[in-house]
Amino acid sequence: MITFITGGARSGKSSFAEGLYKGKEDVVYIATAIVTDEEMEDRVKMHQDSRPAEWRTFEGFRDIDKAVGSEENYLLDCITVLTSNIMFEKTKDLKRIDIETQKQVEDEILQEINKLIQKIRDKDKNLVLVSNEVGSSLVPEHHISRVFRDIQGRINQKVAEISDSAYLVVAGLPVKLK
């Protein structure tokens, strides 16, 4: 079972996602964040403290399919950070990102996610995918930000389409989309 959860920043999407596995010990938390400063370190610590100690953690945004082991349940938090990490890795020295490069970045992100989903489906496991809803705000002022928003929006659409269920979390309340 593949479940997609989206929502804005601090909407409660991660708490909702973790709650889907309440009482389960055979969970792998796939953490895609990279600690780059003190603030990110604090955010990672907050997430770590919110989940059960019995859960195994896989850290990384590449080869995330390698997180799949003998456990039944997997939670990836979050696709948005995975997207930004891959996008930064591929375009950090660019001032403008042409359409072809945007497509290459998007394809790489989808390959990572699709490898994970395929492995989960092949082994008949459960996967919850968390991602930020990036299309409900102002149009970003800068080119790079608009490119990120566009890529993330398309990624979210594709992941929602192939998921078995999907939720939008607003103010801590989950709304079932599918």
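Figure 1. Two strands count as paired when DSSP finds at least two bridges between them. With that in hand, welcome to this predicted model, where seven strands form an open sheet in the order β3-β2-β4-β5-β1-β6-β7, with mixed pairing. At the edges stand β3 (56-59) and β7 (173-176); each has a single partner strand, so one side of each is left without a neighbour in the sheet. From one strand to the next, the twist averages 20°.

**Figure 2. Strand β1 beside strand β6.** Here we look at residues 2-7 (β1) and residues 165-170 (β6), which pair in the parallel sense over five bridges. Within this pair, phenylalanine 4 has alanine 166 of β6 standing opposite. Helix α4 (residues 99-122) packs on the sheet and touches β1, β2 (27-31), β4 (73-77) and β5 (126-132). The direction of helix α4 makes about 155° with that of β5.

**Figure 3. The largest nonpolar core.** In soluble globular proteins, nonpolar side chains tend to be buried together. The largest nonpolar core in this model has 31 residues, and those touching the most other members are Ile30, Ile79, Ile109, Leu116, Leu127, Leu129 and Ile155. At least two residues of this core come from each of β1, β2, β4, α3 (79-91), α4, β5 and α5 (143-162). Helix α4 gives the most, with seven residues. Another core lies apart from this one; it has 14 residues, including Ala31, Leu75, Val128 and Val130.

**Figure 4. A closer look at leucine 116.** Which residues is leucine 116 in contact with, leaving aside its neighbours within four places in sequence? They are Ile30, Ile64, Asp65, Val68, Leu76, Leu127 and Leu129. Of these partners, Ile30, Leu127 and Leu129 are listed, along with Leu116, among the residues that touch the most other members of the largest core.

**Figure 5. Helix α3 against helix α5.** Two packed helices are described by the angle between their axes and the distance between the axes. For α3 and α5, the axes come within 10 Å and cross at roughly 130°. The two helices are therefore oblique to each other, and α3 passes α5 in a right-handed crossing. On the α3 side, the residues that meet α5 are Ile79, Thr80, Thr83, Ser84 and Met87. Their counterparts in α5 are Ile144, Val147, Phe148, Ile151, Gln152, Ile155 and Val159.

**Figure 6. Helix α4 alongside helix α5.** These helices pack at an angle of about 30°, with their axes 10 Å apart. That angle makes α4 roughly parallel to α5, and their crossing is right-handed. From α4, the contact takes in Gln102, Val105, Glu106, Ile109, Leu110, Ile113, Asn114, Ile117 and Arg121. From α5 come His143, Val147, Ile151, Arg154, Ile155, Lys158, Val159 and Ile162.

Figure 7. Not counting residues up to four places away in sequence, methionine 87 touches Lys92, Ile97, Val105, Ile144, Val147, Phe148 and Ile151.

**Figure 8. Threonine 101 in helix α4.** Threonine 101 lies in helix α4 and, at 16% relative accessibility, counts as buried because the cut-off is under 20%. Threonine 101 touches Thr91 and Leu94, not counting residues up to four places away in sequence.

Note on methods: Residues numbered from 1 in each chain as written. Predicted model: local features only at pLDDT ≥ 70, side-chain atom pairs only at ≥ 80, totals over all residues. Heavy atoms only, no water. Helix = DSSP H or I, 4+ residues; strand = E, 2+ residues; numbered from the N terminus. Axes fitted to C-alpha atoms, helices over the stretch in contact; angles between N-to-C directions. Contact = heavy atoms within 4.5 Å. Core = buried A, V, L, I, M, F, W, Y, C linked by side-chain atoms within 4.5 Å. Buried < 20%, exposed > 50% of the residue type's maximum accessible area, 1.4 Å probe, protein only. Parallel < 35°, antiparallel > 145°, perpendicular 65-115°, else oblique. Left-handed = near helix turned anticlockwise from the far one by under 90°.
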